[in-house]
Amino acid sequence: MAAAVPGDRGRVRVVTVEGRSGSGKSTVAERLRAALAARDTAVAVLPMDDLYPGWHGLARAPELLVEWVLEPLARGGAARWRRYDWARGRFSREEYSLPGPVAAGGVLVVEGCGSGARIVRPRVDLSVWVDAPDAVRARRLDARGDAGLYAPFRRVWADQEAVFYAAERPREHADAVVGNTRGTDLTTPRP
């Protein structure tokens with residue numbers, strides 16, 4: 001996967017890692033980050049969790065990703081965003097930005113549901129869909145350290161995912177599909 005990321009183009013290259021909850025997006029994004037770093041590529045991961053405006057915010061998050069991060073980068077400017085504070089139910093006051101080496105032409109890996117939205121795709125160099133069977137995803141969600149906090153919102157989030165994926169169809173537009181189940185890690189590039 002790291003070899004599929006376009007070479008230095010004098011700007012930040014953007015990779016999205018999209019898929020349903022529990023599919024293993026965070027794991028795939030971290031492995032990609034580590035592989036790129038091993039190639040001496042400046043790389044950072046931005047979780048969409050930082051951009052969702054709460055448990056009902058999946059539809060809004062891609063717009064915030066474009067507004068705060070991708071559009072400024074496309075203009076040659078600096079990406080600046082505020083992280084959502086899940087405990088307080090609002091965005092923090094503090095602004096975040098890319099580490100200097102990444103901002104100077106490294107790779108930004110955006111990980112999370114919504115990163116493959118239609119409005120995001122024109123600003124992306126490589127898009128990845130992470131797939132896992134429903135039973136595997138359910139087991140992973142049950143085993144999460146924050147499963148108790150997530151449980152009351154699991155259905156709310158799954159309903160938003162269903163609406164989002166039916167309308168946006170990011171899997172069909174992905175450059176690569178990663179089958180992420182226990183015992184396998186198969187990457188299938190799109191023709």
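**View 1. Arg 154 sits partly exposed, with a relative accessible area of 25%.** Here, buried is under 20% relative accessible area, exposed is over 50%, and partly exposed lies in between (1.4 Å probe, protein chains only). This is a predicted model, where local features need pLDDT of at least 70 and side-chain atom pairs count only at pLDDT 80 or more, while totals for chains, interfaces and linings use all residues. Residues are numbered from 1 along each chain as its sequence is written, and side-chain values use heavy atoms, leaving out hydrogens and water.

**View 2. Arg 154 teams up with Asp 142 in a salt bridge, 2.6 Å from N to O.** The pair ties together distant parts of the chain, twelve residues apart: Arg 154 belongs to helix α6 and Asp 142 to helix α4 (residues 134-143). Helices (H or I, at least four residues) and strands (E, at least two) are DSSP runs, numbered from the N terminus. Asp 142 counts as exposed, at 51% relative accessibility. A salt bridge here means a side-chain nitrogen of Lys or Arg within 4 Å of a carboxyl oxygen of Asp or Glu.

**View 3. Arg 20 reaches Glu 161 through a salt bridge, with the closest N and O atoms 3.8 Å apart.** These two are 141 residues apart and link distant parts of the chain: Arg 20 is in the loop between β1 (13-18) and α1 (25-38), Glu 161 in helix α6 (residues 154-168). Glu 161 is buried at 2% relative accessibility, whereas Arg 20 is partly exposed at 26%.

**View 4. Arg 144 and Asp 146 meet in a salt bridge, 2.8 Å from N to O.** Arg 144 is partly exposed at 35% relative accessibility, and Asp 146 is partly exposed with a relative accessible area of 31%. The structure holds 14 salt bridges.
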